[in-house]
Amino acid sequence: MSRFDMRKHFQAVQPLLALSKNIKSGTLEPALIELVLMRVSQINGCAYCLDMHSKDARAAGETEQRLYVLAGWREAPFYSERERAAFAWAEALTRLVPGDSVPDALYEEVSHQFNEKELVDLTLLVTNINAWNRINLAAHTVAGDYKPGMFG
């Protein structure tokens, strides 16, 4: 059971929705965006976001295999080097301990796959989904009723 219904407070989340739309219309590929959203939501254990982004990814043509194996991306052969760099960046930002920074070696790796604008967009994407995950975890938002494209 939900603690509170964010749909009743739609106005309060407008800045996050605007950022989401801005990122999705930016420099990153739609398939990469959905996979990163899924990976961060896996780490955070957000069932609502996992339900949403798995449905959006499948609707956009993502394969079941790549969705099912995403948590084990390091050992799986079917993710590109660009995707792998994005997942590593997303994991580092999501698991960042206060007072630490993202390692220079990881930045070097990621900067070979993403230009500066793309890296800013990727960083905003990860930051944004972490915020959504935390909102839904705090609210105990119930997964299951999301339809692909429901929020634009």
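How much accessible surface does the protein chain have, and what share belongs to carbon and sulfur atoms? The accessible surface is about 8300 Å², with 58% belonging to carbon and sulfur atoms; such areas come from the Shrake-Rupley method with a 1.4 Å probe, and for residues only the protein chains shown count as cover.

Please keep in mind that this is a predicted model, where local features need pLDDT of at least 70, side-chain atom pairs count only at pLDDT 80 or more, and totals for chains, interfaces and linings use all residues. Residues are numbered from 1 along each chain as its sequence is written, and side-chain values use heavy atoms, leaving out hydrogens and water.

The protein chain has 7 helices and 0 strands, where helices (H or I, at least four residues) and strands (E, at least two) are DSSP runs numbered from the N terminus. Here are some overall values.

| Property of the protein chain | Value |
|---|---|
| Buried share of the 152 residues | 43% |

Buried means under 20% relative accessible area, exposed over 50%, and partly exposed in between (1.4 Å probe, protein chains only).

Let us look at helix H5 (81–94). In H5, 12 of the 14 residues are buried, including Phe87 and Trp89. Their cover includes H2, helix H4 (64–68), H6 and H7.

Notes:
Contact = heavy atoms within 4.5 Å.
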